[in-house]
Amino acid sequence: MQTRKVLKVIEPQTTSDGAGVRLKRSIGTHTLDHLDPFLLFDHFGSDNPDDYMAGFPLHPHRGIETVTYMISGAVDHRDSIGNAGTIEDGDIQWMTAGHGIMHEEMPSRSEGVMEGFQLWVNLPARLKMTAPRYRSVPSGQIPETETEGGVRTRIIAGTANGMRGAVSDIAADPSYFDVSMPAGTTFEQPAERGHSVFAYVFEGAARFGMDENQAGHHVQATRLVVFEDGDVVRVETDEKPVRFLLLSGKPLGEPIARYGPFVMNTEEEIYHTLQEIRSGSFPAPPFPDET
Ligand code: FE
């Protein structure tokens, strides 16, 4: 069993997206364009409504899956395949855009902290034009394990400690864990050899991976940690607690052609997608109840 070493530690870039939502982006930047199969990773978090109330008005997607994990706050969502609802503290929304979806995500609580994450997972060529699909998992349905030392793992996707996550049947075979470790504890999680693995530290600090001196790589919030290949991810805390997301996925190894919210395999496919948008034939009327 080989412990995965730290390949690199990335400082997120502050940017804005949607109608002006301030966020920290650590995948989908000049520093890290993608980490196959992951195309984008955003962390939004603020107690200032000016940073988030503008939201993400109606926009299309094609060729990817988007995963939203709310830590706190509330976002109203609706889409062109008839889903509508509110994503709140601890909830997950896993959306397969496939051949096309239109949706909007608008914050509905204008006080307090809004914090969460959005991840884009690529679809393999054979599924890029699949039918769109939407899955919503309320916080209470996300399995959680706790070790004797008090390390808590929320299992959004994948398997940890023999427990299966809330979302399965995803092409990239992803794992997605939210791990909280008290001070002075150890966390170990097997990770499939050959899969891309990253951690996103958003509270506290810990030592990730193990090197020859067994010391590991000290990482403080807020940073993204990319791991080398290996069999197991190891994290240790010293005097501080830590909270991080741990994600893994099977690389697709296919060409990537991306333009904004569309991610295909060739420039020609992007060109045709833009033509569909212009001509109004993109396969998604805005909302079923308004057409
Ligand atoms: Fe979107």
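Which strands each supply at least two residues of the lining of the largest pocket? Select strand 3 (21-27), strand 4 (38-46), strand 5 (56-61), strand 6 (64-72), strand 10 (101-107) and strand 11 (114-122), and you have them. Strands (E, at least two residues) and helices (H or I, at least four) are DSSP runs, numbered from the N terminus.

Before you click on: this is a predicted model, where local features need pLDDT of at least 70 and side-chain atom pairs count only at pLDDT 80 or more, while totals for chains, interfaces and linings use all residues. Residues are numbered from 1 along each chain as its sequence is written, and side-chain values use heavy atoms, with hydrogens and water left out.

**Stop one: the largest pocket**

There's about 440 Å³ of space in here. Of its 27 lining residues, pick out Asp-17, Asp-42, Phe-56, Gln-118 and Trp-120, the closest to the centre. Strand 5 gives the most to this lining, with 4 residues. Colour the lining by type and you get 13 nonpolar, 8 polar and 6 charged; Ala, Val, Leu, Ile, Met, Phe, Trp, Tyr, Cys and Pro count as nonpolar, Asp, Glu, Lys and Arg as charged, and the others, Gly among them, as polar.

A pocket here is an open set of points on a 1 Å grid over the protein atoms alone, where a 1.4 Å probe fits and protein lies on both sides within 12 Å along at least five of seven lines; lining residues have an atom within 4 Å of a point. Volume is the space filled by probe spheres set on the points.

**Stop two: the second largest pocket**

This one has a volume of about 220 Å³. Among its 16 lining residues, Ser-175, Pro-190, Ala-191, Glu-192 and Ser-248 are the closest to the centre. Strand 17 (175-181), strand 18 (186-190) and strand 23 (242-249) each supply at least two lining residues, and strand 23 gives the most, with 3.

**Stop three: helix 1**

Now select residues 267-279, which form helix 1. Show Ile-270, Thr-273, Leu-274 and Glu-276: they're buried (under 20% relative accessible area with a 1.4 Å probe, protein chains only; exposed is over 50%). The buried residues of helix 1 pack against strand 24 (257-259) and strand 25 (262-264), with contact meaning heavy atoms within 4.5 Å. Finish just after the helix, at Gly-280, which takes a positive phi of about 80 degrees.

Notes. The expected span of a helix is 1.5 Å times one less than its number of residues.
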